[in-house]
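Let's take a walk through a protein chain together. Have a look at the picture first, and then we'll go through some of its parts.

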Amino acid sequence: MEAKNQSYTVPIIMMILLFGMIAFVTNLAAPMGVVLKSQFGASNFQGMLGNAANFIAYAVMGIPGGLLLQRVGYKKTALIAIAVGFVGVGIQYLSGHASETSAFTVYLIGAFVAGFSMTLLNTVVNPMLNTLGGEGNKGNQLIQVGGSFNSVMATFTPAFVGILIGERVAQARITDIFPVMYIALGIFALVFFVLLAVNIPEPNVKSASDSLKSLMTGAMKFRHFIFGAIGIFVYVGVEVGVPGTLIFWLTDPALGIGAGTAGSVAGTYWLLMLAGRLIGASIGSTVSSKTMLTFASFVGMVLVLLAILLPTSTMVSMPGFQVQGSSLSFVFAEVPINAMFLVLVGLCTSIMWGGIFNLAVEGLGKYVAAASGIFMTLVVGGGLLPLAQNAVADGLGFQPSYWVPFLGLAYLFFYATIGSKVHKRAESVRI
């Protein structure tokens, strides 16, 4: 009875902090590209390499992360993830003290190591919050709270980086971003020592009688799952590429917009993702995943198409922060209308992960766990698609580069309407 009555308030708070750190560290990569472009004269493609390094770690660590969780349990996996995250951010910090010839490489190594941490944290935080809440509705509520804090930190990071750079976009250096790294290091250290000192439940992980290879092979027999796995790759690439490239676009000297304003405007995308998730949660019991994904991908295509086709000379006012000298002020800044349409895409992408996952694992039975591992691996799309988009931006310009996320949204529309249908041949192997 004592175990059941034990309060897990402290570890719950720590897990929610870690949920936020996933967004905080991950979303640091794109605005850091502005610094890399300034300090090293990097192209848009090279500016996205830090983001790519962060997400490539998912391809390497996605499935091993799940195996580690089964082998050592939740607490040790979380502690390992936090320690790795501290090292990854620490290496990025050291890049600010490295020589000009090696700093870029040191930063990329740090981003890659931090990516390992984010993969492990994604593996452990959701089920841990569910367990600490006693599963059921309370566990789901904690996950939603954690997800909301994740969105808040995703909004905060690009805006904060922009404020630190200020209007000195052309003179930005890695050392300007040190306060962000101090926060990350401090939170990692705090959570590590708190979790080390407290007891948390360790649910018994039932070992499957089938080998991992056979389970993964079984999952790949489902055509709708294969299309869904590709959909996850595409979705994360769209989710990251739209606001990440927008920061580069708005800080382009031709527009004359300061980094504080650019980061704030791009950060609004993540704020709208929070709003979209809350809306999705409220209608999820009455509107199917298929309907939501169909509607969201179609509207997303329209918004991106408008951003591509409309002239940048048409301006609108959007909320943001402006840095003048040592003063920070909230302003309604004039930005191209294209930015407004791209920010609104956040409402569309907000519900896509859950929708794609639900459609893809329908009827998979015992293969769902293996399917989840494959999904986590294909999060690498968040690194590769923005890289492709910014290669297009280098060659053709920022507006044409948005054909990449447009095609991604078109694929997701196909998946929602056609590709998610459970194939008859797959039905025969359901468990």
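## A covered helix

Keep in mind that this is a predicted model. Let's begin with helix H14, which runs over residues 337-349 and is mostly covered. Of its 13 residues, 10 are buried. Among them are Ile337, Phe341, Leu342, Val343 and Val345. Asn338, Cys348 and Thr349 are on the buried list for H14 too.

## The chain as a whole

Now zoom out. The chain has 20 helices and two strands. It counts 431 residues, and 55% of them are buried.

What about contacts? Take those between residues at least 6 apart in sequence: 82% of them join residues at least 24 apart.

A pair of aromatic rings gets described with two things: how far apart the centres are, and the angle of the planes. How many aromatic pairs does the count come to? It comes to 19. Take Phe55 and Tyr58: their ring centres are 5.6 Å apart and their planes sit at 25 degrees, so this pair is stacked, the label for planes under 30 degrees apart. You'll find both residues in helix H5, three residues apart, or about one turn of the helix. Phe55 and Tyr58 are both buried.

Next come Tyr93 and Phe178, with ring centres 4.4 Å apart and planes at 40 degrees, so this pair is tilted. Tyr93 belongs to helix H6 (residues 74-95) and Phe178 to helix H9 (residues 178-197), so the pair ties together parts that are 85 residues apart in sequence. Are these two buried or partly exposed? Tyr93 has a relative accessible area of 22%, so it counts as partly exposed. Phe178 counts as buried because its relative accessibility is 8%, and buried means under 20%.

There's also a cluster to spot: Phe24, Phe156 and Phe160 form one aromatic cluster. And look for Lys37, which lies over the face of Phe248, at 4.7 Å from the ring centre.

## A nonpolar patch outside

Which residues form a nonpolar patch on the surface? They are Ile56, Val60 and Leu384, and together they have about 210 Å² of accessible area. Val60 is in helix H5, which covers residues 49-72. With a relative accessibility of 44%, Val60 counts as partly exposed.

Note on methods
Residues numbered from 1 in each chain as written. Predicted model: local features only at pLDDT ≥ 70, side-chain atom pairs only at ≥ 80, totals over all residues. Heavy atoms only, no water. Patch = residues over 30% accessible without salt bridge, like charges linked within 9 Å, V, L, I, M, F, W, Y side chains within 5 Å. Areas by Shrake-Rupley, 256 points an atom, 1.4 Å probe, with all protein chains shown as cover. Salt bridge = Lys/Arg side-chain N within 4 Å of Asp/Glu carboxyl O. Helix = DSSP H or I, 4+ residues; strand = E, 2+ residues; numbered from the N terminus. Buried < 20%, exposed > 50% of the residue type's maximum accessible area, 1.4 Å probe, protein only. Contact = heavy atoms within 4.5 Å. Phe/Tyr/Trp six-rings, centres within 6.5 Å; stacked < 30°, edge-to-face > 60°. Lys NZ or Arg CZ within 6 Å of the ring centre and 35° of its normal.
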